[in-house]
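I opened this entry to keep track of what I looked up in the model. The notes follow in the order of the look-ups.

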Amino acid sequence: MKKIIVMLVLMSMTGASFAHAAGRSSWAVPTQVDIERGNGFMVYGMFGNPGECTSSNKFYVKKEHPQYDKIYSAILAAFTSGKKIRTYIHDCETVLWYSNASVTYNILMPNGDVQIKN
């Protein structure tokens, strides 16, 4: 028991946490898509803040995502046709092209998803 208490105290001192925000965005029509310098793309709309990041109503997809091209195509199809999408967000990260290091954005990770509906 003492080891667990010591570990929890040490983790709280280093900023580590068991809490990890994740969840579904709201269904929304994409209102803007930015391709950011070959690094990825940002999608704007009334998505809410499923990752509890410092910036809401947008999410970012990194170029390294294994389904980057497929997700980009799906997002553009939704954008041009006015269809709603939602995502499952697991993480918040800084995207320095858009702001400084204190601002975090909802990031679509490989273990997330994108859904499209009428």
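**Entry 1: the surroundings of S56**

I listed the contacts of S56, leaving aside neighbours within four places in sequence, and found G48, N49 and N106. The model is a predicted one, so I treat every value here as computed from it. I located S56 in the loop between β3 and β4. Is S56 buried, exposed or partly exposed? I noted a relative accessibility of 31%, so S56 counts as partly exposed. I also checked S56 against G45: they are 11 residues apart in sequence, and their C-alpha atoms are 9.2 Å apart in space.

**Entry 2: the sheet**

I then looked up how the strands are arranged. I found an open sheet of 5 strands with mixed pairing, in the order β2-β3-β4-β7-β6. I marked β2 (32-36) and β6 (91-93) as the edge strands, since each pairs on one side only. I recorded an average twist of 35° from one strand to the next. For β3 and β4, I noted antiparallel pairing over 5 bridges. Within this pair, M42 stands opposite Y60 of β4. I also looked at α2, which lies across β2, β3 and β4 and runs at about 30° to β3.

**Entry 3: the cores**

Which residues have the most contacts inside the largest nonpolar core? I found F41, V43, F59, V61, I75 and I85, in a core of 13 residues. I traced at least two residues of this core to each of β3 (40-44), β4 (58-62), α2 (68-81) and β5 (84-89). The largest share, 4 residues, comes from α2.

**Entry 4: the rings**

I counted 5 aromatic pairs in the structure. One of them is Y68 with Y72, a stacked pair at 6.4 Å centre to centre with 5° between the planes. I noted that Y68 and Y72 are separated by about one helical turn, because they are 4 residues apart in helix α2. For Y68 I wrote down a relative accessible area of 9%, which is buried. Y72, at 22% relative accessibility, counts as partly exposed. I also found ring pairs linking F41, Y68 and Y72 into a cluster. Last, I looked at W27, where K117 lies over the ring face at 4.6 Å from the ring centre.

How values were computed. Residues are numbered from 1 along each chain as its sequence is written. This is a predicted model: local features need pLDDT of at least 70, side-chain atom pairs count only at pLDDT 80 or more; totals for chains, interfaces and linings use all residues. Side-chain values use heavy atoms; hydrogens and water are left out. A nonpolar core is a set of buried Ala, Val, Leu, Ile, Met, Phe, Trp, Tyr and Cys residues joined through side-chain atoms within 4.5 Å. Buried means under 20% relative accessible area, exposed over 50%, partly exposed in between (1.4 Å probe, protein chains only). Two strands pair if DSSP finds at least two bridges between them. Axes are lines fitted to C-alpha atoms, for helices over the stretch in contact, and angles run from 0 to 180 degrees between N-to-C directions. Contact means heavy atoms within 4.5 Å. Rings of Phe, Tyr and Trp (its six-membered ring) pair if their centres lie within 6.5 Å; planes under 30 degrees apart count as stacked, over 60 as edge-to-face and the rest as tilted. A charge sits over a ring if NZ of Lys or CZ of Arg is within 6 Å of the ring centre and within 35 degrees of the ring normal.
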